[in-house]
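Let's take a walk through a protein model and see what its parts are doing next to each other. Keep the 3D view open as you read.

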Amino acid sequence: MNIKKDFPIFENNPWLIFLDSTSSTQKPKMVIEWIKYYLDNCYSNIHRWMYSIATKSEKMYVDSKQKVADMIWADDYKEIIYTYNSTYASNILTWSLRLSHILKKWDKVLLSIVEHHANIVPWLILKDEIGIEIEYINVDENYDLDFDDFTKKYDEKVKVISLTHVSNVTWQVFDLERVGKIKRDDTLFVIDASQSIPHFKLDVKKLNADFIFFTWHKILADAGIWVLWWKTELLEKLTPVFSWGGAIWKVDECSFTYSKLPNKFEPGTPNLTWAVSLLKAIEYIESIWWFKKVEEIENDLVEYALEKFKLRKSVKLIWSTKSENRVWVFSFVIEWIHSHDVADIMAENNICIRSGMHCAHPFLNKIWVAHTSRMSLYIYNTREDIDRFFEILDKIL
Ligand SMILES: Cc1ncc(COP(=O)(O)O)c(C=O)c1O
């Protein structure tokens, strides 16, 4: 099965070696053509319509939510809220918790030290605004969540545990089912699944999660759609942060009432084209035998690349070689070369990687690493891509 041929970007740029999918994946022809089909044939605003193209448009929008709901084992597509990006998703969540008086002064929020800024800064804002406390759970020597530290810090003041599923620096997969089993009923469990959703199926029930947010540009659709899943009972309780357009049912001069779910949390016109592209992105993954194929390619490429990394002693990998629980991304440091220079030389050779602090300043500061280069693989990559990467890496070394 030649997956690369499904992605027009490689046909249009035959020399391109794309090793930055963790930032954003490339898009399959099926998704691109579907976006064109949608714009050519039935683009129209949704909600409050009477004409036929709007009916089609609404159906595609709802179908895409249904697909997402099925994929993560949510009870109802109405539990799926589309937002514009992760910062929006996490800010909507944190501010709703504040507006609904669910979080108050001295309440504690537990985060892990490897979180992406998207899952740190919105909580820090609440700390400044209402005086919540934030504590960070450490990782152990294998970059795994340190459960001893977690249980020590999980005292009665903790009202929220908010954790990434997969770290975007170490690529360790946290055992969040175990966290879900430990979590008390008086604690909300939030999961940043941005880096797990491209690699394996999630089950919101097994995870015992209350909120999950993830992005779709990391899994074959276009940017501009983030998914925020939360339980209906919580959706009913929470006050929306933004409120206009479809989020509002009735307004008079002195008051208003909110719409029913999920519109209550989706003010204004949604990002329709991207929502529709998401529908096809999931269908594409289904067409290549769903995540079984992703896992198969992943295992092959990771082992192949890892063996090569191990041979280059001066390249320090930021990940655990002991643990099996990781996804196919490599963050690495070469002591005497700046990560931007590594990325720059790679770019001169048509190889796309990323470099810098990856929006994880607290963690990099903690392990005394200033910045890293990051090479990530996805279903369209091949062993030849990896060979070419190492050919240039050797020249750099
Ligand atoms: C774990 C994690 N959370 C959040 C984000 C933020 O995603 P976006 O750049 O789409 O806002 C990223 C992006 O790389 C991430 O890796």
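Start with a pair of charged side chains: Asp387 and Lys308 meet in a salt bridge, with 3.5 Å from N to O. This pair links distant parts of the chain, since Asp387 sits in helix 14 (residues 383–396) and Lys308 in helix 11 (residues 290–311), 79 residues apart. Asp387 has a relative accessibility of 31%, so it counts as partly exposed. Bear in mind that this is a predicted model.

Helix 14 takes part in another one. Arg312 forms a salt bridge with Asp394, and their closest N and O atoms are 2.7 Å apart. Arg312 lies in the loop between helix 11 and strand 11, while Asp394 belongs to helix 14, so this pair ties together parts that are 82 residues apart in sequence. Are the two partners buried or exposed? Arg312 is buried, at 16% relative accessible area, whereas Asp394 is partly exposed, at 36%.

For a local example, look at helix 2 (residues 29–41). Lys36 and Asp40 are 4 residues apart there, which means that about one helical turn separates them. They form a salt bridge too, with the closest N and O atoms 2.6 Å apart, and both residues are exposed.

| Pair | N to O distance |
|---|---|
| Asp387 and Lys308 | 3.5 Å |
| Arg312 and Asp394 | 2.7 Å |
| Lys36 and Asp40 | 2.6 Å |

Salt bridges can also join up: Lys108, Glu135 and Asp155 are linked in a network of them.

## Strand 3, tucked inside

How many of the 5 residues of strand 3 are buried? The count is 5 of 5, so the strand is largely enclosed by the rest of the structure. Both of its faces are covered: Lys108, Leu110 and Ser112 are buried on one side, and Val109 and Leu111 are buried on the other.

Strand 3 pairs with strand 4 (residues 133–137) in the parallel sense, over 5 bridges. If you want to find one of these on screen, go to Lys108, whose bridge partner in strand 4 is Glu133.

## An open sheet with a helix on it

Now for a sheet. Strands of a sheet pair through backbone hydrogen bonds, either parallel or antiparallel. Here 4 strands make an open sheet in the order 11-12-15-14, with antiparallel pairing. Strand 11 (315–317) and strand 14 (354–356) are at the edges, and each has a single partner strand, so one side of each has no neighbour in the sheet. From one strand to the next, the twist averages 30°.

Helix 12 (residues 339–348) packs on this sheet and touches strand 12, strand 14 and strand 15. The direction of helix 12 makes about 160° with that of strand 14.

Let's zoom in on strand 15. Strand 12 (residues 329–334) is joined to strand 15 (residues 372–376) by 4 bridges, and the two run antiparallel. Ser331 has Arg374 as its bridge partner in strand 15, and Phe330 stands opposite Met375. Strand 14 also pairs with strand 15 in the antiparallel sense, over 3 bridges; in this case Gly356 has Thr372 as its bridge partner.

Strand 15 is mostly covered, with 5 of its 5 residues buried. On one side those are Thr372, Arg374 and Ser376, and on the other Ser373 and Met375.

## Out on the surface

Tyr84, Tyr88 and Phe242 form a nonpolar patch on the surface, with about 260 Å² of accessible area together. Tyr88 is in helix 4 (residues 86–99) and counts as partly exposed, at 34% relative accessibility.

Two tryptophans in loops are worth a look for their backbone angles. Trp106 has a positive phi, near 75°, and is not a glycine. Its loop runs between helix 4 and strand 3 (108–112), and Trp106 counts as exposed at 53% relative accessibility. Trp368 has a positive phi of about 60°, again without being a glycine. You'll find Trp368 in the loop between helix 13 (361–366) and strand 15, and it is exposed, with a relative accessible area of 79%.

How values were computed. Residues numbered from 1 in each chain as written. Predicted model: local features only at pLDDT ≥ 70, side-chain atom pairs only at ≥ 80, totals over all residues. Heavy atoms only, no water. Pairing = 2+ DSSP bridges. Axes fitted to C-alpha atoms, helices over the stretch in contact; angles between N-to-C directions. Contact = heavy atoms within 4.5 Å. Patch = residues over 30% accessible without salt bridge, like charges linked within 9 Å, V, L, I, M, F, W, Y side chains within 5 Å. Areas by Shrake-Rupley, 256 points an atom, 1.4 Å probe, with all protein chains shown as cover. Salt bridge = Lys/Arg side-chain N within 4 Å of Asp/Glu carboxyl O. Buried < 20%, exposed > 50% of the residue type's maximum accessible area, 1.4 Å probe, protein only.
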